[in-house]
Amino acid sequence: VYIFAAFLIGIGIILAINILKDSISQIKNLIYKRKQYIKTELDNSVNRAFDLYIKGQHDKGIDLIKKYLSNYPNNIGAYLLLAKIYKHKGKTKDAEQAISAALAIEAGNVQALNEAGNLYASGKDYDKAVFYFGKALDYASDNLYAITRLKEIYIKKGEWKNAYRMAKLFLSESKDREINKKEEQIMTGLRYEFGKYLLESENDTERSAKRFNQVLSQNKNFIPAYLSLGDVFVEKGKYEEAFDLWEKAFLKTGNLALAIKMEDLSINMNHPENSIKFYQELIYNNPEKWEYRLFLGKLYMRLEMIDEALSNLTAIPLNIFKDNSLNLLLAECYFKRGKYNDASVNFRKALKDRFPVKLPFVCSNCGYVSMSYSSICPSCNLWNTFSIKTSGALYETASRDDLKDVSSLIS
């Protein structure tokens, strides 16, 4: 009897255990399904809110997100979308609160930290932007987005050493060859800017010259490095070396920014004949390059050598240039000679011209036009892209009548 009873009790216990296991499994399954339902509902609501945001129905999107966040307050994605909509509406404070709520849920959420950096960067609060992008990098050292944004901010702030450090970090983390090739070009520009900072802010001619030479070893046609390396020679009192460097660089590259530096230096040295001879040789060897004769005439104007200026300027065919530089120079020459009629004619021609007074520097990458040379284009943020356009871009097509010598104008 005892044995039989024990047998029955054992069977009962086994059955109870199996029933309990099945019950627990069913409860877990119900809980899982409930969580999946909640997640699906939340995802759908966030997706619907995103659709409303795309359609421009911002207020409806905000209401929908808030409704679901009141029931499911731990969804980081919903807070970030809410911050994005607030940012689009210009409600910076509300966007900050939404991102803060996301970071309160998970302090190390890289996406939330990136969004915080973007928010402050768009408001030009660069210190806070740097803080949040830096935090994002602390949690994910391979965060290429944060690295890129930090580099852009440092460039805007002129912190070239930090910008260079970010570019170097990007290359160490990125595996894309095409992107890395472009990044190496940016690094060349950043290395140049750091050298320029050393020269202009710290007067460190040795270290700056080293940076400029490094740049030129990577790119023999990097005009800003030639310009600044010449400035190093000037700073050391080696004026002839600076002039020779710029002359060789011009003959190699043909960039007129170098000729302008040579002209300024020769005048400061009280030896303008150096630039005069330089331009005369260029004109002799390149008679079809009318811009050389224009620059020589402009130099004579600076030196108050009006007859020589007129001799060169009037040798240039009428209407050959698209801009109004020739007319303005001629007008000034005639005015200084007391020939007010001729001066008036040229002033009127210049005023009708829609082009700037000076020959403009044009970015070869984006077409941005500047009246002065710059190492970096402020529009596309690329280095070594500025040059004065020549040939077809500089000249108008002239008729036969225009191609005659107009020296009769000075008689």
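**Exercise 1. Determine what share of the contacts between residues at least 6 apart in sequence joins residues at least 24 apart.**

Solution. Among the contacts in the protein that link residues at least 6 apart in sequence, 50% join residues at least 24 apart. The model in which these contacts occur is predicted. Its secondary structure comes to 18 helices and three strands, and buried residues make up 41% of the 411 residues.

**Exercise 2. State how confident the predictor is, and where pLDDT stays under 50.**

Solution. Then turn to residues 391-411, over which pLDDT stays under 50. For this stretch the model has 38 contacts beyond four places in sequence.

**Exercise 3. Classify histidine 58 and glycine 77 as buried, partly exposed or exposed.**

Solution. The cut-offs are needed here: buried means under 20% relative accessible area, exposed means over 50%, and partly exposed lies in between. Histidine 58 has a relative accessible area of 15% and is therefore buried. This residue lies in helix 2 (residues 58-71). Leaving aside residues up to four places away in sequence, histidine 58 touches Leu52, Tyr53, Ile85, His88 and Lys89.

Glycine 77, in helix 3 (residues 76-88), has a relative accessibility of 39% and so counts as partly exposed.

**Exercise 4. Identify the buried residues of helix 16 and explain why they are on the same side of the helix.**

Solution. Helix 16 spans residues 306-313, and its buried residues are Ile306, Ala309, Leu310, Asn312 and Leu313. Because these residues cover an arc of only 165° around the axis, they are on the same side of helix 16. The buried residues of helix 16 pack against helix 14 (273-285), helix 15 (290-302) and helix 17 (325-336).

**Exercise 5. Describe how helix 16 and helix 17 pack, and which residues make the contact.**

Solution. First, the geometry: the two helices pack at an angle of about 145°, with their axes 10 Å apart. Helix 16 passes helix 17 in a left-handed crossing. Next, the residues: helix 16 contributes Ile306, Ala309, Leu310 and Leu313, while helix 17 contributes Leu326, Leu329, Leu330, Cys333, Tyr334 and Lys336. Finally, by class, this contact has nine nonpolar residues, no polar residues and one charged residue.

Methods
Residues numbered from 1 in each chain as written. Predicted model: local features only at pLDDT ≥ 70, side-chain atom pairs only at ≥ 80, totals over all residues. Heavy atoms only, no water. Buried < 20%, exposed > 50% of the residue type's maximum accessible area, 1.4 Å probe, protein only. Helix = DSSP H or I, 4+ residues; strand = E, 2+ residues; numbered from the N terminus. Arc of directions from axis to C-beta. Contact = heavy atoms within 4.5 Å. Axes fitted to C-alpha atoms, helices over the stretch in contact; angles between N-to-C directions. Left-handed = near helix turned anticlockwise from the far one by under 90°. Nonpolar A, V, L, I, M, F, W, Y, C, P; charged D, E, K, R; others polar. pLDDT = per-residue confidence, 0-100.
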